Amino acid sequence: MNIISAFIVFENLHEVRRLCHWGPIIALTVIAVCSSMAILDSIIWYWPLDTTSGSINFIILINWTVLILYNYFNAMFVGPGYIPLEWKPENQRDTMYLQFCRVCEGYKAPRSHHCRKCNRCVMKMDHHCPWINNCCGHQNHAYFTTFLLLAPLGCIHAALIFIMTMYSQLNDRISFGWSSVKIDMSAPRRVQHPIMLFSISAFAANLFALGLALGTTIAVGMLFFIQMKVILRNKTSIEVWIEEKAKDRIQYYQTEEEFIFPYDLGSRWKNFKQVFTWSGTPEGDGVEWPVNDKCHQHTLTIEQLKQKADKRVRSVQYRVVEDYNGAWCPLGKGINTFFRSPCSEEPRIKLAKGETIFATRGTKWWMYGDKVLDEEKTKVGLRVRGWFPRRCVEKCHYDSANNTPACEEKKDK
Ligand SMILES: [Zn+2]
Ligand SMILES: [Zn+2]
C-alpha cells in the first residue's frame, strides 16, 4: 500500500463523489452503451478490422469516446470555478456595489451567483447541470460546450453503424412470401465467418442503442446551440433574465436610463475567444471582466442591487391563463417549451387558470417563481416554488394609482 501511495497522490478525492448521482450515472451509461455497441458492431459484423477502412472507422470510434469522456470529466471535475470564501474586493469602496452572500460570508464578485446545489458562489454561473452534477460556469464553459458538440457527433456516427449493421445483416435474410415473412437467421452476410451470429438479442440491443443515440443527438444538440448562443453573446442564461428585468424596471419608472449589457464585447469572435483558448483555460480570473467601452466593472452589479431594492416595493406578478400539469416536457405547450425545458433539477409546479405567481427569473420559454397561496397555507409555512412554461402566464403591471395589479393584454397570441 505504501509503495502505491508513493507513486499515486490523490488530490481532492472527495470530488469523486460527484459521480454518485443519477445525472453522471445515466450520462456515462449512455456513453458506454453507444460506444461499446458501435465498436462491437463494427468489429464483428459490419466493418471488420482486416480492412483499412475498417481500421480507420475503429480509430475514429475510439477517438469519439476518448474526446467525449475527456471533455465530460473536465467539465465535471475542473468545475466552474468558485469565488473564494469570505471574498472581498481589493478596493474596500467597491463593496458598496456588490451583493453579499451570507452562506459564503463574502461578497459576490461580478457575474457570480450562489448555487444552492454546490453551496458556493460560482464564477460566471450559467446553470447547475445535473448531468455533470456541477455548475456550468467560467472555468468549464469550453469543456462543457465541446462535450455538447462532440456527444451528438459521436452519436450520429454510432447511429449510422447501428443502422448499417442491422440493414446489412437483415437485408438478405428477410424474404416476403404471399402470406408469410421468412427470416433466415443462419447466414451471416458481409463478414464471411463472424465470431458471433447476428442473433435476435443482438438485433434488440442494436435497436435499443439506436434509440439512445438518436435521443442523445437531439437533446444534447439543442443544448449545444443554446450554449453557443450564451458564448457568442457573452451573456449567461441568468444575465439574460437580469437584462430583461433591467428593461422592465427602466420602463416602469420611466427613468430614461439606457441599459447596456457590459460583457458583450461587440463581436462574436471576441466573445468566443474569451471562452475558447488554445491553452484550454478561459481568459480572465473569473472576478474581473473585460467590459464594453460605455460600461465599467460594476455596471451589472449596480443594476442587480437596484433590482433587489426594487423587489421590496414592487412585485412582478404573473397571472395563470393556461393550465399546466407539471410535466417536465409538456405536450401541447409548443415545440420550444417541449425541447427547451430548463436543464435543472428544480421542480416544475402545476398551474391552474386564475392563480397568481411571483416570478423571480426565467428563460425565453420557461419561468421560475413562487405561487401566491392563500393565507392559511402561508401561515403553515407552505411554499410552492418551481418552473412553469412562460406561455401559461401573463404579466400583471401594478396600477400605481390604486395599487392593484392590472394584467396586460396578450398581444402575440
Ligand atoms: Zn455564496
Ligand atoms: Zn451548482
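Q: Why does E257 count as partly exposed?
A: In this predicted model, E257 has 13 C-beta neighbours inside 10 Å. Buried needs 20 or more, and exposed needs 12 or fewer. The value for E257 falls in between, so the residue counts as partly exposed.

Q: Where is E257, and what separates its C-alpha atom from that of A246?
A: E257 sits in the loop between helix 6 and helix 7. Its C-alpha atom is 9.8 Å from that of A246, and the two residues are 11 apart along the chain.

Q: What makes N234 buried or exposed?
A: N234 has 24 C-beta neighbours inside 10 Å. The cut-off for buried is 20 or more. N234 therefore counts as buried. Its place is the loop between helix 5 and helix 6 (237-253).

Q: Why is N119 called exposed?
A: Its count is 10 C-beta neighbours inside 10 Å. Exposed means 12 or fewer, so N119 qualifies. N119 lies in the loop between strand 3 (113-115) and strand 4.

Q: What makes the phi values of N119 and N234 worth a remark?
A: Most residues other than glycine have a negative phi. N119 has a positive phi near 60°. N234 also has a positive one, near 55°. Just after helix 3, G79 has a positive phi of about 75°.

Q: Why is helix 5 called roughly perpendicular to helix 7?
A: The two helices pack at an angle of about 105°, with their axes 6 Å apart. Roughly perpendicular covers 65 to 115 degrees. The angle falls in that range, so helix 5 is roughly perpendicular to helix 7.

Q: Which residues make the contact of helix 5 with helix 7, and how do they divide?
A: Helix 5 brings I231, L232 and R233. Helix 7 brings R268, N271, F272 and V275. They divide into 4 nonpolar, 1 polar and 2 charged.

Q: How do you know that the span of helix 3 is close to the expected one?
A: Helix 3 (residues 52-78) has 27 residues. At 1.5 Å a residue, 39 Å is expected from first C-alpha to last. Helix 3 reaches 38 Å, which is close.

Q: Which residues of helix 3 are buried, and what do they pack against?
A: The buried ones are N57, L61, W64, T65, I68, N71, Y72, A75 and M76. They pack against helix 2 (22-46), strand 6 (134-136) and helix 4 (141-170).

Q: What makes up the largest nonpolar core?
A: The largest core has 50 residues. C34, F147, A158, F162 and A213 have the most contacts inside it. Helix 2, helix 3, strand 4 (120-122), strand 6, helix 4 and helix 5 (200-233) each give two or more residues. Helix 4 gives the largest share, 12 residues.

Q: What does C34 touch beyond four places in sequence?
A: C34 touches C155, A158, A209, L212 and A213.

Q: Which residues belong to the second core?
A: That separate core has 11 residues, including L351, I357, W387 and F388.

Terms used. Residues numbered from 1 in each chain as written. Chains lettered and ligands numbered in written order. Predicted model: local features only at pLDDT ≥ 70, side-chain atom pairs only at ≥ 80, totals over all residues. Helix = DSSP H or I, 4+ residues; strand = E, 2+ residues; numbered from the N terminus. Expected span 1.5 Å × (residues − 1). Contact = placed C-beta atoms within 7 Å. Core = buried A, V, L, I, M, F, W, Y, C linked by C-beta atoms within 7 Å. Axes fitted to C-alpha atoms, helices over the stretch in contact; angles between N-to-C directions. Parallel < 35°, antiparallel > 145°, perpendicular 65-115°, else oblique. Nonpolar A, V, L, I, M, F, W, Y, C, P; charged D, E, K, R; others polar.
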